[in-house]
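Colleague: I would like to go through a model feature by feature and learn how to read each one. Could we begin with the structure itself?

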Amino acid sequence: MTSVIVAGLMWLLVLALLVLRRGRVERTITWAAVTIAISMTLNIDAVYLALDAAAGGSNVVTLVADLALMTGVFLLGRGVMKAADHPPRAVRIALSRVVFGAAVFSASIAFFLIERGATTTNFMLDLGQQPAAAVYSMIHFTYYAVVLGAMAVVASEQVRVSHGILALPPALLVAGCGFGISLTIDIIVMDLAHLAGNTGLMSTAAVFYGPLYLLTFLLLCSGFAGQPFARAVRTRRRERTTRELAARLAPVWQAASDVHPGISRNAEAVFDADDPETLLHRQVVEIRDAMIDTRVAFAVRGADLQSLEDAERHLVGESATPATSTRVRQ
């Protein structure tokens, strides 16, 4: 059931990314989600049994699913790294093609050293007592931990520089990476306990496997789906504020244009008044021009002046403060 839930979460993430990130040229995160969703689907017992039987019944679909997951995690890490301006050298190394290629090569060699027998949906439970199987498992999850650690570093920096709703998605990614690394530790403990024949320790560690597995995917999916959603919410919020400020400035802009006609009164000028940002910018510029032109008598005071300064702060970004407002010029 856990594999079905996780596969469902991943396909929902793919759908969300296709909708929320449509029109974007950068598709690394979407391709990563597709690859991981395929891997999770291959782990569903019914799907696995059917495909592995068609492939000869030697558990080779396990390798296909695991390599697909490694590829997806690699792409996720690369996608997250692209969001960072200057990722640390350790992060670039962890998410490099060389490390990914070495992990894939080593895991593949270990896999073919396993005496795999007939198809089984309990691959590590049935074969985990073999050293090659334990090494195979540990290579995979160590690589995941390395990538998740690098992603956590990048996401932590995004949390630090983000504000409001934009800080939530990277915070979810950091939490998901933390649970993913905990999952890796838990699995390595199980692998070593299995090798040593310590069934008690193995059973104890197995208790944490399911919750950690689900929390890792739930938080990572939420973080990745939440990024485009948060940006869309912020864009709509900014557009609404822009329209409100433009409406507040409309009367004083009209008065300023009457005494000091600007580009907006020139029929041949390129001016898209339907674009809220363009309209507000034009209003601010022409009001300020009228205020500073000594050839005309025009002043803005009281609530109108406050609206003008609010618009200037809004146009230069949320980080601007009343004490550091910046004038917008043509």
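Modeller: What follows takes helix packing, a backbone angle, salt bridges, a surface patch and some distances in turn. Keep in mind that this is a predicted model.

Colleague: Let us start with helix packing. At what angle do the axes of helix α2 and helix α4 cross?

Modeller: Helix α2 covers residues 28-42 and helix α4 covers residues 60-82; their axes cross at roughly 160 degrees and come within 8 Å. An angle over 145 degrees counts as roughly antiparallel, so α2 is roughly antiparallel to α4. As for handedness, α2 passes α4 in a left-handed crossing.

Colleague: How are α11 and α12 oriented to each other?

Modeller: Helix α11 (residues 276-292) packs against helix α12 (residues 302-316) at about 130 degrees, and the axes are 10 Å apart. The two helices are therefore oblique to each other. Their crossing is left-handed.

Colleague: Next, the backbone. What is the phi of N59?

Modeller: The general idea comes before the case. Most residues other than glycine have a negative phi. N59 is not a glycine, yet its phi is near 65 degrees, a positive value. Its place in the chain is the loop between α3 (45-54) and α4.

Colleague: Is N59 buried or exposed?

Modeller: N59 has a relative accessible area of 0%. Buried means under 20%, so N59 is buried.

Colleague: On to charged pairs. How many salt bridges does the structure hold?

Modeller: There are eight salt bridges in the structure. For each pair, I would look at the distance between the atoms, the separation along the chain and the exposure of both residues. One of the pairs is R160 with E157, where the closest N and O atoms are 2.6 Å apart. Both residues lie in helix α8 (residues 131-161), three residues apart, which is about one turn of the helix. R160 is exposed, at 60% relative accessible area, while E157 is partly exposed, at 38%.

Colleague: Which helices hold E277 and R238?

Modeller: E277 and R238 meet through their side chains in a salt bridge, at 2.8 Å from N to O. This pair links distant parts of the chain, with E277 in helix α11 and R238 in helix α10 (residues 199-259), 39 residues apart. E277 is partly exposed, with a relative accessible area of 29%, and R238 also counts as partly exposed, at 27%.

Colleague: Which residues are linked in a network of salt bridges?

Modeller: R248, D310 and R313 are linked in such a network.

Colleague: Let us turn to the surface. Which residues form the nonpolar patch?

Modeller: The nonpolar patch on the surface is formed by L12, L15, V19, L20 and F229, with about 460 Å² of accessible area together. To read a patch, ask also which element supplies it. Helix α1 (residues 2-20) contributes the largest share, four residues.

Colleague: How exposed is L20?

Modeller: L20, which has its place in helix α1, is partly exposed, with a relative accessible area of 35%.

Note on methods: Residues numbered from 1 in each chain as written. Predicted model: local features only at pLDDT ≥ 70, side-chain atom pairs only at ≥ 80, totals over all residues. Heavy atoms only, no water. Patch = residues over 30% accessible without salt bridge, like charges linked within 9 Å, V, L, I, M, F, W, Y side chains within 5 Å. Areas by Shrake-Rupley, 256 points an atom, 1.4 Å probe, with all protein chains shown as cover. Salt bridge = Lys/Arg side-chain N within 4 Å of Asp/Glu carboxyl O. Buried < 20%, exposed > 50% of the residue type's maximum accessible area, 1.4 Å probe, protein only. Axes fitted to C-alpha atoms, helices over the stretch in contact; angles between N-to-C directions. Parallel < 35°, antiparallel > 145°, perpendicular 65-115°, else oblique. Left-handed = near helix turned anticlockwise from the far one by under 90°.
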